[in-house]
Each structure stands twice: as structure tokens, then as C-alpha cells.
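Try each task with the viewer open, then follow the worked solution step by step.

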Amino acid sequence: MVYFNNPMWPGEAHSLKVESILFKEKSDYQEVLVFESSTYGKVLVLDGIVQLTEKDECAYQEMIAHLPLCSIPSPKTVLVVGGGDGGVLREISRHSSVEHIDICEIDKMVIDVSKKFFPELAVGFEDPRVDLHVGDAIEFLRHAPKGKYDAIIVDSSDPVGMLQFLAR
């Protein structure tokens, strides 16, 4: 038996039984792994940290999208930073007031892998209101007019390791 140990906090980990490895490659930015687990379905892992599982992805996607959008009267323009799996896009698209959604994801491999292995999340990319920008979100925002977005939803990896600059 093979188990994937997802580090949670210092001295604590959550283990998932691996049934099979579906994808494993290093992108320009991170290691991307998808495996089939015995209890959580397919699992997306970036740089050794679980990002989502089929079984419970909806809880995260719904909370990160609907809480901010429901707190704004009739949001029209939304930016998603990260979110390469498409799940947040799927949830944002349920808001009829939203007219335009930009998504800025630095790692195209995450998008491609999600479209292949997590089509129920990646369906968010099919919404005609979505404009995909592959690149650095900080640079993208530097060129965005002030006040362009009613909401900016950051769905990126935790700011640890190479991503510590995101915490600034």
C-alpha cells in the first residue's frame, strides 16, 4: 500500500491511500501530481500539498466564491488570481449579475491537467464571460485600471516556500 502524506501543521499530517498515479510532472513553477485515492476520488497536489479532492472540493470553491460575491450588491466584474482548476470560475458563473470574469493563473499546466482530470471543475473555463490570462497576477494587476473589479478572489497556494512573496 502507498499513502500520500499531506502535511497540515508542524507535527501533523493527513494520509490518503493512493490507488494509482494519474499524472506527475514538473512545470516551470511546481510539481503537479494527480492521483486516485481510495476515499477522496482524484486528488490534485502542487509541490507536495493537496489542493483539492473530488470528494470535498465544492466546500472550498463555494465558500471562496459565494461569500465575497454575496456581500456585494450586483457584482459585475471579478478577477480570480490563481484558480487554475476552474472550480471558482464555475461558482462565480452562477451569479447572473456578473458580466465579466478575468482569471490570471501563472501555471498553464495546472489548467491543462484540471481540464483533463477534473472536467467537473474546469467547466468554469467554458463560460463566455471568462477571459483567461496566463501569467503573473501581480504584473497583470499593475496594468489594470484602478477600480476595474468589484471583487478580486485569490485562489492561490499558501504563501510558503517559493510563494512567500504573495504574503507581502
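**Exercise 1. Find which residues Lys 148 is in contact with, leaving aside its neighbours within four places in sequence.**

Solution. 
- Step 1: Locate the residue. Lys 148 sits in the loop between helix H5 (137-142) and S9. Keep in mind that you are looking at a predicted model.
- Step 2: Search around it. With neighbours within four places in sequence set aside, Lys 148 is in contact with Thr 77 and Asp 102.
- Step 3: Check how open the position is. Lys 148 has a relative accessibility of 35%, so it counts as partly exposed.

**Exercise 2. Work out how many helices and strands the protein chain has, and in what order they run.**

Solution. 
- Step 1: Count the elements. The protein chain has five helices and nine strands.
- Step 2: The order is β-β-β-β-β-α-β-α-β-α-α-β-α-β.
- Step 3: Turn to the overall form. The radius of gyration is 16 Å, close to the 15 Å that the globule rule gives for 168 residues, so the protein chain is as compact as a globular protein of that length.
- Step 4: Along the principal axes, the C-alpha atoms fill a box of roughly 50 × 30 × 30 Å.
- Step 5: See how the chain meets itself. Take the contacts between residues at least 6 apart in sequence: 55% of these join residues at least 24 apart.

**Exercise 3. Decide whether Asp 155 is buried or exposed, and describe its surroundings.**

Solution. 
- Step 1: Asp 155 belongs to strand S9 (residues 151-155).
- Step 2: Consult the record. UniProt, in an unreviewed entry, places the feature "active site" at Asp 155.
- Step 3: Apply the cut-off. Buried means under 20% relative accessible area. Asp 155 has 9%, so it is buried.
- Step 4: List what surrounds it. Beyond its neighbours within four places in sequence, Asp 155 is in contact with several residues, among them Gln 61, Ile 64, Val 81 and Asp 85.
- Step 5: Pick out a polar partner. The side chains of Asp 155 and Tyr 60 make a polar contact at 2.7 Å.

**Exercise 4. Compare Asn 6 and Leu 16: which strand holds each of them, and what does each touch?**

Solution. 
- Step 1: Assign the strands. Asn 6 is in strand S1 (residues 2-9), and Leu 16 is in strand S2 (residues 12-26).
- Step 2: Judge burial. Asn 6 has a relative accessible area of 8%, so it is buried. Leu 16 is buried too, with a value of 3%.
- Step 3: Explore around Asn 6. Not counting residues up to four places away in sequence, Asn 6 touches Ala 13, His 14, Gly 48, Ile 49 and Val 50. The side chain of Asn 6 also reaches the backbone nitrogen of Val 50 at 3.0 Å.
- Step 4: Explore around Leu 16. Leaving aside neighbours within four places in sequence, its contacts include Val 2, Phe 4, Phe 35, Tyr 40 and Val 50.
- Step 5: Leu 16 and Lys 26 are 10 residues apart in sequence, and their C-alpha atoms are 21 Å apart in space.

**Exercise 5. Find how many salt bridges the structure holds, and explore some of them.**

Solution. 
- Step 1: Side chains of opposite charge can pair when their charged atoms come close.
- Step 2: Take the total. The structure holds nine salt bridges.
- Step 3: Visit a helix. Asp 112 forms a salt bridge with Lys 108, with the closest N and O atoms 2.8 Å apart. Both residues lie in helix H3 (residues 108-117), four residues apart, about one turn of the helix.
- Step 4: Find a buried pair. Glu 91 and Arg 90 meet in a salt bridge of 2.9 Å, N to O, and both residues are buried.
- Step 5: Widen the view. Glu 57, Arg 90, Glu 91 and Arg 94 are linked in a network of salt bridges.

Terms used: Residues numbered from 1 in each chain as written. Predicted model: local features only at pLDDT ≥ 70, side-chain atom pairs only at ≥ 80, totals over all residues. Heavy atoms only, no water. UniProt positions renumbered as here; feature names shortened; annotations may be inferred. Helix = DSSP H or I, 4+ residues; strand = E, 2+ residues; numbered from the N terminus. Buried < 20%, exposed > 50% of the residue type's maximum accessible area, 1.4 Å probe, protein only. Contact = heavy atoms within 4.5 Å. Polar contact = N/O pair within 3.5 Å; in protein donor to acceptor, adjacent residues only side chain to side chain. Rg over C-alpha atoms; globule rule 2.2 N^0.38 Å. Salt bridge = Lys/Arg side-chain N within 4 Å of Asp/Glu carboxyl O.
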